[in-house]
Amino acid sequence: MPTFVYMTRCDGCGQCVDICPSDIMHIDKTYRRAYNIEPNFCWECYSCVKACPQHAIDVRGYADFAPLGHSVRVLREEEKGSISWKIKYRDGRVKEFTFPIRTTPWGSIQSPSDYAVPDANALGSVMLAHEPEALKVKTLPTLPPKKKV
């Protein structure tokens with residue numbers, strides 16, 4: 001479900017632009033409002049929906065679950081730490097879903113600058129920086145070697 005912006009709600013803060021991983025949220029230079037420049041490239045991560053303090057970003061439902069005449073409303077409730085979806089079908093049925101905005105407490109993720117600089121030998125490793133320590137595990141799980149048949 002690609003996103004779209006209600007121009008009358010948007011204040012042009014740019015939080016959606018900063019967080020969009022596919023770089024499709026832009027600020028219109030004339031109106032200073034956000035818009036999705038290419039809905040077909042939307043990853044449907046809804047980071048922009050979650051980040052928008054004005055609740056100005058909504059989603060278009062696909063015809064397979066929400067036929068013409070439907071509405072999909074997204075509500076970000078930061079004080080509750082949740083994002084809610086309300087789908088109203090044209091026959092009057094309403095479905096509501098609520099999910100946490102995040103799965104870790106606010107402020108619990110360290111900034112990259114808080115970690116020690118990785119040593120140069122780490123560049124040749126298959127591990128990401130600070131693995132497995134940052135994941136708080138002794139070792140990463142591995143697959144057993146293939147058995148010869």
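Predicted model: local features only at pLDDT ≥ 70, side-chain atom pairs only at ≥ 80, totals over all residues.
User: Is Tyr46 buried or exposed?

Analyst: Start with the location of Tyr46, in the loop between strand S3 (34–36) and helix H2 (47–51). Tyr46 is not a glycine, yet its phi is positive, at about 60 degrees. Buried means under 20% relative accessible area. Tyr46 has a relative accessible area of 11%, so this residue is buried.

User: Which residues touch the most other members of the largest nonpolar core?

Analyst: That core holds 20 residues. At least two of its residues come from each of S2, H2, strand S4 (57–59) and strand S6 (82–88). Touching the most other members are Val5, Met25, Ala34, Val49 and Ile57.

User: Which residues is Met25 in contact with, leaving aside its neighbours within four places in sequence?

Analyst: Met25 is one of the core residues that touch the most other members. With those sequence neighbours set aside, the contacts of Met25 are Thr3, Val5, Cys16, Val17, Cys20, Ala34, Tyr35, Asn36, Cys48 and Ile57.

User: Is Val117 buried or exposed?

Analyst: Val117 sits in the segment after strand S7 (94–100). Its C-alpha atom is separated by 8.8 Å from that of Ala129, 12 residues apart along the chain. The cut-off for exposed is over 50%. Val117 has 77% relative accessibility, so this residue counts as exposed.

Note on methods: Residues numbered from 1 in each chain as written. Heavy atoms only, no water. Helix = DSSP H or I, 4+ residues; strand = E, 2+ residues; numbered from the N terminus. Buried < 20%, exposed > 50% of the residue type's maximum accessible area, 1.4 Å probe, protein only. Core = buried A, V, L, I, M, F, W, Y, C linked by side-chain atoms within 4.5 Å. Contact = heavy atoms within 4.5 Å.
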